[in-house]
Amino acid sequence: MADAANFTTVPNLSGTSEETLLVGHLRRIQDHPVGQFSIHVHLSELRPDNSQQNFIRIAARAFEPLLANFDATLYVLSNHDLVLLCRDVPVDDVDQAVYKVRALFSEDPLTFGDEGSFEDRFTTWYDLTQKADFRAFMAEAIKLEEEANKRQKLDSEDSAPAASYSMAGKPLDPRNLAAINQRMMEVNISDLLRQQMAITIREDGKGSALFREHYVSMQDLQRRLAPNVNLFGNSWLFQYLTETIDRRMLTVVAHFDFESMPDSISLNLNISTVLSREFQTFHRSIGHNARKIVVELQLIDVFADLGMYAFARDQLRENGYRVLIDGLNPISFQFFNPGLLDADLIKLGWSKEFLGEVPKSRLDDMRVQVNLAGKNKMVLSRVDSEGAILWGLQLGIHRFQGHYADIIVEKMIAKGII
Amino acid sequence: MARDTQPVNRLPSQEKLLLDYIHRLEQHRDGRKLVHLHLSALRPFNRREHHIRAAAEDFESFVESLDGQLFVLKNADIFFFYKEEIAPHVETVVQQIRYLFSDDPLVLEEDESEIKFSDWYDIETHYDVILNLVQDLINASNDKSRSFNNQMDTRSALKAKQEKGEPLTPEVLGRVENALTRTDLSNMVRRQYICSLTRRRVPEPAFSELFISIADLRETLLPGVNLMANRWLFQHLTETLDRRMLSMLSKTDTLTISGDISFNLNVGTLLSQEFQSFDDNITANRRGGMIIELQKVDIFANLGAYLFAREFIQAKGYRVCIDGLSYQAMAVIDRERLGADFVKLVWHPEMMDGGEEIHTHIRNMIRYTGEDRVILCRVDSREAIDFGQSVGITLFQGRHIEHLIAEDNRRRELLRLKRRMERSNEAP
């Protein structure tokens, strides 16, 4: 029996997958499907950050009253989809449970379609007494079972499961952080610095360099410092670690030959770093080249103490630096007025959901936010396709960074227009 | 006006200039006088920017004729240094300004009060007194903006270390979190009331916040360590505290809980198994009496998780409060869309000193959010309540509110005693 409460134990340990159980269940009722129907809740199509195990566990619990009071069975599939098999359960009661789950994900594009409408991708209902529906659902269940088997096989072959931000290992904890932090202070990181260009595309289609972001490759850093620890596994402790990374990076960047550098560069720093003695030392050594440096501050750091942010921002500006706010995603971008942060640049991470079946009202919201932030301050990062660039241009954004921007840069360099 | 816009100067400019001026005066003490107007002690509604400007303008002519030097401090106090010869004129001007504020308790109750409207000094005889006074004022003003500038200078870092202890390190954090699982924290739980106020300023509790006293925790577990020195490590520590709080709340014999309560949790905790079991173990009607407080940095660290968690707990009947918003943060964040039931606005004297424009701005934000949904917290003075009420806030929390509650309890106790005495007197 597929009990939601058991979901926290890793599925498939018993050998029989939820998918196999589901197919078995369908076979048993095949000949007498009286009063039977099923609902397939497509949680596997949630945005990745919503499709986390603990979210799914909580969502599954919304069906508990149904399971307790009616003849209903819930299957929590390994791809995070939920399947509810019911016999003679009042549709209103099912609706209620489904509505609860829907509400939990109300900011996810998956729930944007009107409930029950043609565009609704959230649930699919099957009346199993209808032959056609039964066949369709059976086929779906078998397909899901095959996929699950494949996934399981892959997982056991490749013992590294997809961890958060695709980094393997156990999460950071205070103990391993202490050791990593210590090693971080000693190890050479200059060869771990990577760069990526951000560009401005002008009206005439020509482009120019905005800045080259210099950053430490976390994957490489992990390999060098702690191959068994997922540095992203705990966001607060990771944030702490970045304070040390900042300091190390400043010592490397201080030795750059700024005079012969054609473009500006950008650096990711914590606000606490900007206000530290190390930064003062850095500033003394680079002097008037501050105007060639954009300092990228993370939104989470900014929100931790807005007063401190304002102070750091003013101080940076006064010393010639430009200030960029990084770490905005399509959701967070809509929850505050980015213009009020009064930064020089604001970086918004592109995501595919911008392109999907986003209702017009959401696009309008986005337009309002872009205008509040100031079109000329926006940098659309992580652009991975032409569609991303076109989307940005359509909202008046003409600064870009990402794999696709890299391709454009190469082409422009080849044509000599950059 | 002394509106400091140059953060690299450690001292607000007028204060700094005043101190420089006094140092220079050391060599030219004779024949000079000072009047200090305590405009900072005026009621907030009398201390708006245009009032102070008007008062300062009265001295302008003396400044132009080089007979005096004027300083208007950030807290609205005015220092005017002048030559002996013009003393009668200065006295007249001060009388005029005093008249402007004649309806203010500072003037009305001057006879009973320790703070006078103005203090008069002879530089020659009072030089050291003046120097001390100004240094104290500047230190106080630095304390207000302490959070802005203590980061970079070693002196303040040293001072913080002496006062608050060694900064927390990952190693120590690991030890603390370990120890926490074995320590009984129930005697470190404190309670503070969130109250509305009657017209006579009698507090009426709406609910109370339960929290683990970090000071006590530090004393018990790690004297000499500053648990809050690093924001991120502290944030991690709070996740452990969350679990302890939940387990204490589940055992009703550990904490006596009466009335509606609020407590702080991390978004991550709401999504954890521990919260699930806590929720399983409490009765449905108790959920309605619980308000869960979340920090904005935690909310914005993973907004998607917050939205999910908020929906999840509100559907169960809990209410949600966003804790710790400065007025600047309140302006930036779309509170409506975050969908919380309450928001806590942190009191800071800066809000009052900011002038009419900021007052109007705050008033509009409160109205937009809903007067019954904004709590002014860390209320440590009567001034804070005055200000809060002037911008439409109806709910308050903080040391001063606790003080009012204690006062009210004493009053009731006395009243009861009095009644009892009256009854026994009436008895035959």
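Biologist: What should I know before reading any number?

Modeller: This is a predicted model, in which local features need pLDDT of at least 70 and side-chain atom pairs count only at pLDDT 80 or more, while totals for chains, interfaces and linings use all residues. Residues are numbered from 1 along each chain as its sequence is written, and chains are lettered from A and ligands numbered from 1 in the order in which they are written.

Biologist: Which domains does chain A have?

Modeller: Domain bounds come from an automatic or database domain assignment. For chain A, that assignment gives domain 1 (4-157) and domain 2 (164-415). Their C-alpha centres lie 39 Å apart.

Biologist: And how is chain B divided?

Modeller: Chain B has domain 1 (13-149) and domain 2 (168-414). The C-alpha centres of these two domains of chain B are separated by 39 Å. Two residues are in contact if their C-beta atoms, placed from the backbone, lie within 7 Å. By that rule, nine residues of domain 1 of chain B touch 10 residues of domain 2 of chain B. Ala, Val, Leu, Ile, Met, Phe, Trp, Tyr, Cys and Pro count as nonpolar, Asp, Glu, Lys and Arg as charged, and the others, Gly among them, as polar. The domain 1 side of this contact in chain B has two nonpolar, two polar and five charged residues.

Biologist: In what order do the strands of the sheet in chain A run?

Modeller: Helices (H or I, at least four residues) and strands (E, at least two) are DSSP runs, numbered from the N terminus. Two strands pair if DSSP finds at least two bridges between them. In chain A, four strands make an open sheet ordered E2-E3-E1-E4, with antiparallel pairing. Strand E2 (71-76) and strand E4 (123-127) of chain A are at the edges with a single partner strand each, so one side of each has no neighbour in the sheet. E2(A) is joined to strand E3 (residues 82-87) of chain A by six bridges. Asp71(A) is placed opposite Arg87(A) of E3(A).

Biologist: Which helix lies across E1, E2 and E3 of chain A?

Modeller: Axes are lines fitted to C-alpha atoms, for helices over the stretch in contact, and angles run from 0 to 180 degrees between N-to-C directions. Helix H1 (residues 18-29) of chain A lies across strand E1 (36-41), E2 and E3 of chain A, at about 150° to E2(A).

Biologist: What is the strand order in the sheet of chain B?

Modeller: The four strands of this open sheet in chain B have the order E2-E3-E1-E4 and pair antiparallel. From one strand to the next, the twist averages 15°. Strand E1 (residues 32-37) and strand E3 (residues 78-83) of chain B share six bridges, and Arg32(B) has Lys83(B) as its bridge partner in E3(B). Helix H2 (residues 49-57) of chain B lies across E1, E2 and E3 of chain B, at about 170° to E2(B). Helix H4 (residues 87-100) of chain B lies across E1, E3 and E4 of chain B, at about 5° to E1(B).

Biologist: How are two packed helices described?

Modeller: The angle between their axes and the distance between the axes are given. Helix H8 (residues 235-253) of chain A packs against helix H11 (231-250) of chain B at about 165°, with the axes 8 Å apart. Angles under 35 degrees count as roughly parallel, over 145 as roughly antiparallel, 65 to 115 as roughly perpendicular and the rest as oblique. H8(A) and H11(B) are therefore roughly antiparallel. Trp236(A), Leu237(A), Gln239(A) and Tyr240(A) of H8(A) meet Trp232(B), Leu233(B), Gln235(B) and His236(B) of H11(B). This contact has five nonpolar, three polar and no charged residues.

Biologist: How many residues does each chain give to the contact between chains?

Modeller: Chain B gives 41 residues and chain A gives 45. On the side of chain B that touches chain A, H16(B) gives the most, with seven residues. That side of chain B divides into 22 nonpolar, 12 polar and seven charged residues.
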